[in-house]
Amino acid sequence: MACAALQFSCKDGNTSADRAREDVPERIWEPYDDASEVAANADHPNRRMRYKLIQSRVTDKNDIFRPLYAEALSLDPARYRELRGLILGRSIPEIQEQILGGTLTYEELTRFFLYRIYTYELPHATTLNTVLAINPNALEEARKKDEVLRLVPDAERHPVFGMPVLLKDNIDTESMPTTAGAVALQENRTEDAFIVNQLQMNGAVILGKVNLSEWAYYFCDGCPVGYSALGGQTLNPYGRRQFETGGSSSGSGTAVAAGYAMGAVGTETSGSILSPSSQNSVVGLKPTVSLLSRTGIVPISSTLDTPGPMARTVTDAAILLDAMRGYDSEDPVALETPTLINGHRVEPVALAGRRFGIFEAISESDSLYRRAIRVLREAGAEIIPITPPETDLDGFSKLLNGDMRKDLPAYLQKRVRNRDAVRISDVADLVAFNREDSLVRAPYGQARLEGILGDTTGPEDLEALKARLLAAGMDYFTVPWNAHQLDAVLSVNNRHAAYAALGRHPALCVPMGYRESGEPAGLTFIARPFQEKQLLELGRAFEMRLPVRRMPEGYAD
């Protein structure tokens, strides 16, 4: 299947790297007319899925995929099928056990994921428009991990060692541009973000960068999630052009779902990890703001932004979280927190006696939510309907406007190495740059960026607004928590993400099943600040009780 789709010579079992290089076509990808796909979605019941375009009008995918094409496709198809059984559906600890036992190597693991990316992302019929960049050093880094293992087999290593990880393309990397999906940052070169340094220090293999809702969805208003000028329209592997990907960490969710890496890193301001995790049937954790560094991440809001892990299991999400941690003196809200989790494994807790707050309105309308509650109740948990206090979030966009007006120029000034190639210095420059060629750079408009320019909220009023909103977000959950002594509140997808964001509450989304249409859904656990360990233990216990996740049908081979 892969060989036919990619015009790659596999005949006679000859799959050596040398033979592969001889067979690399001059062009491995050609743009296609996506007019019929756009027309097919013109009457989609979800207005945000009435696309204007599918493929990028800017990016030539040959530039992304040609450099490692030969090495990626030099994997013998028969060995690929063996590896598929060893890797897909396995957690990081299970993979590490197999590598230590000699069943596979870190290089094979990395090549396996590259093989899948090239197999599915180049053909027009299966591409998810998920991958924006491939790390040219990925296979070499994996080979070095194998050499370290050979030389020092008994050394203690972080479980993320040798694991291929994808990054949302608003996270700085030295080996690849950091674009936020925008033409204005197409050539943006930076040093590695703090969390990228931490991942690499612990041995992770950075595989590449993935698509996102441009500018983390603080760009256009009511436009498709998962769209960026550089990446095109990210598509959901469970239903291409049928289901939304969620955003803004769209590529992180779709890539993990399709089996392109062991895990990915997303970012969230309000719902941008939880939503794509739910929509793509993966685990996503939005940590307490200040637990992970934001240095080297293209910002929306220094008040609310945070990176977070996305993976196929709770255990893998916990390992990624642990691997990114570390005190960053450059992040003004970073805290020197104690170790919150055991990076090697998350142990499930007994659910008996645990107290979960639920929303009756969701329970009445959502059968999957009811089933999840029933599973918890049958395990001995106590289920308590809650009524949070009336909360006014009016002014939320003003908070984001004020922060981005200040935070984006600070990022550009401090992080961008090649200022000659990045022409913008602030939001006003960005809006003007997009207007120079709006059909290509902003086909859905840039209403949210223009809203920043039109916002006249002064510094004192902004600080007062922040204080009011943060207090409101805290009270929304704290009042029922205190009243009922809850272990967590249960929500769905990103329905209560704004309250969690403003209250600085960590939130964990775990797959809870699929709608009759096949659309994935996630159960979201929300806890008190810095209760990530308890949250992960509860999520693991639920995951074991209701192991519903399955690979998307068209990406299981």
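Predicted model: local features only at pLDDT ≥ 70, side-chain atom pairs only at ≥ 80, totals over all residues.
Start by selecting residues 194-201, helix H10, together with residues 314-324, helix H13. Their axes sit 7 Å apart and cross at an angle of about 110°. Angles of 65 to 115 degrees count as roughly perpendicular, so that's the label for H10 and H13. Now show side chains: H10 brings Ile195, Gln198 and Leu199 to the contact, and H13 brings Leu320, Ala323 and Met324. By class, you're looking at five nonpolar residues, one polar and no charged ones.

Next, the salt bridges; the structure holds 32 of them. Pick Asp60 and Arg27, whose closest N and O atoms are 3.8 Å apart. This pair ties together distant parts of the chain, 33 residues apart. Asp60 is in the loop between helices H3 and H4, while Arg27 is in the loop between H2 and H3. Asp60 is partly exposed at 25% relative accessible area, and Arg27 is partly exposed too, at 36%.

Hop over to helix H9, residues 138-151, and select Arg150 and Glu147. Their side chains meet in a salt bridge at 2.6 Å, N to O. The two are three residues apart in the helix, so about one helical turn separates them. Arg150 is exposed at 56%; Glu147 is partly exposed at 36%.

Now try Lys406 and Asp407, a salt bridge with its closest N and O atoms 2.8 Å apart. Lys406 is partly exposed at 48%, whereas Asp407 is buried at 9%.

Last stop: select Glu71, Glu107, Arg111, Glu140 and Arg143, which salt bridges with shared partners join into one network.

Definitions and conventions: Residues numbered from 1 in each chain as written. Heavy atoms only, no water. Axes fitted to C-alpha atoms, helices over the stretch in contact; angles between N-to-C directions. Helix = DSSP H or I, 4+ residues; strand = E, 2+ residues; numbered from the N terminus. Parallel < 35°, antiparallel > 145°, perpendicular 65-115°, else oblique. Contact = heavy atoms within 4.5 Å. Nonpolar A, V, L, I, M, F, W, Y, C, P; charged D, E, K, R; others polar. Salt bridge = Lys/Arg side-chain N within 4 Å of Asp/Glu carboxyl O. Buried < 20%, exposed > 50% of the residue type's maximum accessible area, 1.4 Å probe, protein only.
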